[in-house]
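Hi,

Here is the structure I said I would pass on.

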Amino acid sequence: MALVALGVCGGIGAYKAVEVARGLQQRGHDVAAVLTANATRFVGPLTFEAITRRPVIGDQFAPGVNAQIEHIALATDLDLLLVAPATANIVGKLANGIADDFLSALYLATTAPVLVAPAMNSNMLAHAAVAANLDRLAARGVRFVEPGAGYLACGWVGKGRLAEPADIVAAADGLLGAGRRLAGRRVLVTAGPTVEDLDPVRYLGNRSSGRMGYAIAAEALARGAEVVLVTGPTALEPPAGAEVVRVRGAEEMRSAVMARVAGDGDGLDLVAMVAAVADYTPAGGAREAKLLRDRDELVLTLRRTPDILGALGRWRAGRPRPVLVGFAAEVGDPVARAREKLRRKQVDLVVANDVSRPGAGFGSDTNIATLISEAEAEEVPLGSKRELARVLLDRIEPRLGEADTGAGEAK
Ligand code: PMT
């Protein structure tokens, strides 16, 4: 499951973009429709909203757009930007870096592959200005679905008709497929906090929102992996296509993870423990009755929770897989402690984040991290959690290959 931003421009072919959206969905992709102002003259946003089951993005400056699905957030999350139909106008804007609406700004803001399906009058298509713009885009790596020849809406006969929706969908799917480097891989990600109940009313928790773990699950899915997401309580919508196992406390998370590992351990290729697992839980478990407010001081006795990642490291010793990734939430320079965790927990990689830095750690959409392995420490500067997920999976992919050949069997 990948996220495709479908840019629709103001041409008669705009109605065919509805079929493109449906075709992409039938292939299992999530579609976010981005309509230019002129596109809405040809086809209504409601049609796309009903089909994609997502709000349609139109005006860049509409209230709400910048808070929720602003172009930067979509730009980092999407796996493909597809523009169909692409008019001479949008081709010109993209080629020349003009960002005067949501779609043209999205093009500049994303690093995802871009696929353009031009559609226009045949003389416009043949014009030197348009041809130069198309060449410029091609030189930048933009891919095209060639327009078809035949009877055009303007009454002319020639080249310029929007390619058939099925061909556009196949081209998009092909591009997405090229990025499906984790196809056939099985990945388990833990995310969010665990909460330790004190009584029927209160609990001990932490500030994890689940964003980091969900971003890794989404990226693994986009790369074609089968993903099990073991998640503590969060307010987030899990990425479509993941098998979601909802848990509450650390013990429940341990059972869910170990059941998967014991049942399917050799089949799992990667376990990423991103969850902020509680380190302590009330000794003796949650009280049945609500604690009364009948004293000035209350002393709680806590006991250590099981170290899930440590147990995974011990279990994995002598086996090539799964590749094990831990996170280290630290305050202050995280590297030394992360290195210690790497060794103690016998894992392949620890992602260290200093959660006291602005833009890093809990709750935010961004993070700053150092990827610590036995041999290296790689800084990943401030960027979206999805970007960090991309870098992380890029580094893990070669290790999966080593695990296949047994070359990674070091522990
Ligand atoms: O969810 P977000 O709001 O996006 O925030 C992201 C994050 C800050 C939670 C994330 O980036 C992060 O750092 N996750 C790990 C938090 C944590 O528990 O760190 P730790 O240093 O206490 O634990 C080290 C590792 O051991 C972690 O992989 C943890 O999942 C694991 N652990 C910890 C305790 C325990 N009992 N069992 C474990 O397996």
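**The pocket and its ligand**

The second largest pocket has a lining of 44 residues, and those nearest its centre are Ala275, Ala276, Val277, Asp279 and Phe327. Bear in mind that this is a predicted model. As for where that lining comes from, H10, H12, S16, helix H13 (335–344) and strand S17 (349–354) each give two or more residues. S16 gives the most, with 5 residues. Sorted by class, the lining has 19 nonpolar, 14 polar and 11 charged residues. The space in this pocket comes to about 990 Å³.

Now for the ligand, which sits in that second largest pocket. It is surrounded by 29 residues, and the closest are Ser208, Ser209, Lys341, Asn353 and Gly363. The shell has 14 nonpolar, 9 polar and 6 charged residues. Helix H10 (211–222), helix H12 (308–316) and strand S16 (323–330) each supply at least two residues of the shell. S16 has the largest share here, with 4 residues, and S16 also gives the most to the pocket lining.

- Serine 209 has a polar side-chain atom 2.6 Å from a ligand oxygen.
- Methionine 212 places a polar backbone atom 2.8 Å from a ligand oxygen.
- Lysine 345 has a side-chain N or O atom 2.9 Å from a ligand oxygen.

How much of the ligand does the protein bury? On its own the ligand exposes 780 Å², and 95% of that is buried by the protein.

Most peptide bonds are trans, and most residues other than glycine have a negative phi. Against that background, the bond from alanine 84 to proline 85 is cis, with omega near -5 degrees. Proline 85 is in strand S3 (residues 80–86). The bond from arginine 321 to proline 322 is cis as well, with omega near 5 degrees. Proline 322 belongs to the loop between H12 and S16, and those two elements each supply at least two residues of the ligand shell.

Then there is arginine 53: it is not a glycine, yet its phi is positive, at about 55 degrees. You will find arginine 53 in the loop between helix H3 (45–52) and helix H4 (71–77).

Cheers

Notes. Residues are numbered from 1 along each chain as its sequence is written. This is a predicted model: local features need pLDDT of at least 70, side-chain atom pairs count only at pLDDT 80 or more; totals for chains, interfaces and linings use all residues. Side-chain values use heavy atoms; hydrogens and water are left out. A residue is near a molecule or strand if one of its heavy atoms lies within 4 Å of it. A polar contact is a pair of N or O atoms within 3.5 Å; within protein, one must be able to donate a hydrogen and the other to accept it, and residues adjacent in sequence count only if both atoms are side-chain atoms. Accessible areas come from the Shrake-Rupley method with a 1.4 Å probe; for residues, only the protein chains shown count as cover. On a 1 Å grid over the protein atoms alone, a cavity is a set of points where a 1.4 Å probe fits but cannot get out, and a pocket is an open set with protein on both sides within 12 Å along at least five of seven lines; lining residues have an atom within 4 Å of a point. A molecule sits in a cavity or pocket if more than half of its atoms lie within 2 Å of its grid points. Ala, Val, Leu, Ile, Met, Phe, Trp, Tyr, Cys and Pro count as nonpolar, Asp, Glu, Lys and Arg as charged, and the others, Gly among them, as polar. Grid points are joined across faces, edges and corners, and a volume is the space filled by probe spheres set on the points.
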